[in-house]
Amino acid sequence: MPFRFLPDVALADVAFEAESDSLDGLFETCALAVSDIMVDPKTLRTTSERSLSIRSESLDRLLYDFMTELIVIKDVDSLIFGEFEVRVSPEGTSLEAVAKGEEIDRERHRLRNDVKAVTLHLFGVKHEGQTWKTTVVLDI
Amino acid sequence: MPANPAIKQVSEVTWEIPQSYKPGMQVPARLYASKKLLDGMDSGVIEQVTNVACLPGIVRYAYAMADAHWGYGFPIGGVAAFDTAKGVISPGGIGFDINCGMRLIRTNLRYSEVKPRIKELVDLIFDLVPAGVGVKGPQNFAQSQMGDITSLGVRWCAEHDLAWKDDPQYVEEGGFIKGADIAKVSRQAISRGASQFGTLGSGNHYLEIQVVDPDRYLDRDLAKEFGIVHDDQVMVMIHCGSRGFGHQVCTDYLRTFESAMRRFGIEVRDRDLACVPFSSKEGQDYYSAMVCAANFAFVNRQMIVNQVRDAFSRVFHKDAEALDMHLIYDVCHNVAKVETHTYDGTKSKVLVHRKGATRSFGPSNQDVPAPYKGIGQPVIIGGSMETGSYLLVGTQKAMEETFGSTAHGSGRTMSRTAAKREWRGAELQKKMLDHGIYVKAATMDGLAEEAGLAYKDISEVVETMDRAGISKKVAALRPIGNIKG
């Protein structure tokens, strides 16, 4: 699994670290982690599609804003996504994404925790050798 | 936490860390803890409370209450007051879940009446009070109404027949904090919140049917002042906050503050302590938005109370008035408020941040509801779903020592991930049923994360604050039914 939960970080919330050999992959992995915290992906279909276009002032902020947008969509439109295709601009200050998922179905989905916000704790995007990495702590 | 020689004991349950401990500390730090709680406290609390002590304009002490544990910026269980002209406001000192808080409602039902029907009651409340991921409330309000709702709080509810006439009086600040301005709240926050009124959320939020527990503690004289007249009287406790609305307000303003801080030349030891001068435009904008979120939470808890009253009425075939389902009180435990306090011999307006801490105003205080002026405000401190909670009362000593503040709960000792590895939700549910507590949870994972052993001992926390004279015990409350998101 390209992300793993960190049991000793943030007692009251959930923390994970993610890595990928591409920046696009890192963003997709983080999005999958956010969804995984909220729903068992095995119970999620991908019958709906949403396009996202985000601009931010920095790469860190772009990832932060992307994950925040997924949380907002979950609350406003009751949509959770299980597949992501992300294209981060070369400057790292914008992205286009397609997110595939469906509306929350309390009967069929094995729901988990309600993610409410991305915190800044330990947050930052790092490029170490060939690998992009980040640590994310989510308020639930 | 290993012994730290910098921490000096000043009384049985009070400890201090001097200003000399860390460069930049403006004030000492003060901790309220028994020796047992102090030894068990994570070292992050010391790091964080002494970082808070470095913030501009802080007065008297940076406080950590008996339930303190590591948080974002401020420790949870942290209190700090700031000069309103020279001090800062910090979202880290309030928390993401603005006005996460507790509401306690009494009934005139006895345990023997409720116990045989607890499953029916809990199942019905579970159906009526949405909880968990992405839930929508039973009553949607138009986004155009959000300005009035978040300005007037529970008073708006009373004006629209969504609260009893006397409900606002029994909510902190009369059911709404002044100073809300919906124009300072983002469209995203409004969109997130508009459909979430009357929802419980998840995580450590809950709705609990409780019974007075005289074997653990009951001061019958004080309890009578709150309408608790039987040793086995049934209560309802609600723990939740401002939902996506408050979280988005915090998210939005953390971003604003990160860049604004540079303009003000403020440097902090921890980016989660992002702050700006309270008197600045950014500070005032955040305050106005935070107040909207705080009032949202008061309304959210009110909507849940309406559903609970409906459920009891249906199960017991009497209307909620006949069941005496009046509010005892509603307290915030994540908020910042402008309050007048006397310290260093002078009465001053200060901005008091309480993050995982509860107001604990003593008798005669003008902000205590009239019926309670003789005894002090109720303080509601929630424990884990297995251990129960406490009703306490505020004191004059709290006014003198802690800007009228006390603890809020028991505090976690174990992460959610670790708790899920340790326990299974279904096994925990059965174990609780064997102990007389019927639990209905939206998810079994969520239940496992909230196991009692993942939290500190609530009785130790409450006993500490009582021995410190900061909040006085009134009644222990034992859970018999619980709804979790």
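Me: Before we start, how are residues and chains labelled, and what pLDDT do local features need?
Reply: Residues count from 1 along each chain as its sequence is written, while chains are lettered from A and ligands numbered from 1 in the order in which they are written. As this is a predicted model, side-chain atom pairs count only at pLDDT 80 or more, totals for chains, interfaces and linings use all residues, and local features need pLDDT of at least 70.

Me: Which helix gives the most to the side of chain B that touches chain A?
Reply: Contact here is a pair of C-beta atoms, placed from the backbone, within 7 Å, and it takes 27 residues from chain A and 32 residues from chain B. On the chain B side, α6 (187-194), α8 (243-264), α11 (416-422) and α13 (444-449) each supply at least two residues; helices are DSSP runs of H or I with at least four residues, strands are E runs of at least two, and both are numbered from the N terminus. The top contributor, with five residues, is α8(B).

Me: Which residue of β4(B) is the bridge partner of Leu31(B)?
Reply: Strands pair if DSSP finds at least two bridges between them, and β3(B) has three to β4(B) (residues 58-69), running parallel. Ala29(B) has Ala62(B) as its bridge partner there. For Leu31(B), the partner is Ala64(B).

Me: And what stands opposite Leu31(B) on the β2(B) side?
Reply: β2(B) (residues 14-17) and β3(B) (residues 29-32) run antiparallel, joined by four bridges. Leu31(B) points the same way as Ala29(B), with Arg30(B) and Tyr32(B) going the other way. The residue opposite Leu31(B) is Trp15(B).

Me: How many residues of β4(B) are buried?
Reply: Buried means 20 or more other C-beta atoms within 10 Å of a residue's own, exposed means 12 or fewer, and partly exposed is in between, with C-beta atoms placed from the backbone. β4(B) also has six bridges to the antiparallel β5(B) (residues 76-83), where Tyr63(B) stands opposite Val79(B). The strand β4(B) is mostly covered, and its buried count is 11 of 12.

Me: Why do the buried residues of α4(B) sit on the same side, and what arc do they cover?
Reply: In α4(B) (residues 118-128), the buried ones are Leu121(B), Val122(B), Ile125(B) and Phe126(B). What covers them includes α9 (281-316) and β19 (471-484) of chain B. The arc is taken from the directions from the helix axis to the C-beta atoms. They are on the same side of α4(B) because they cover an arc of only 135°.

Technical notes
Two residues are in contact if their C-beta atoms, placed from the backbone, lie within 7 Å.
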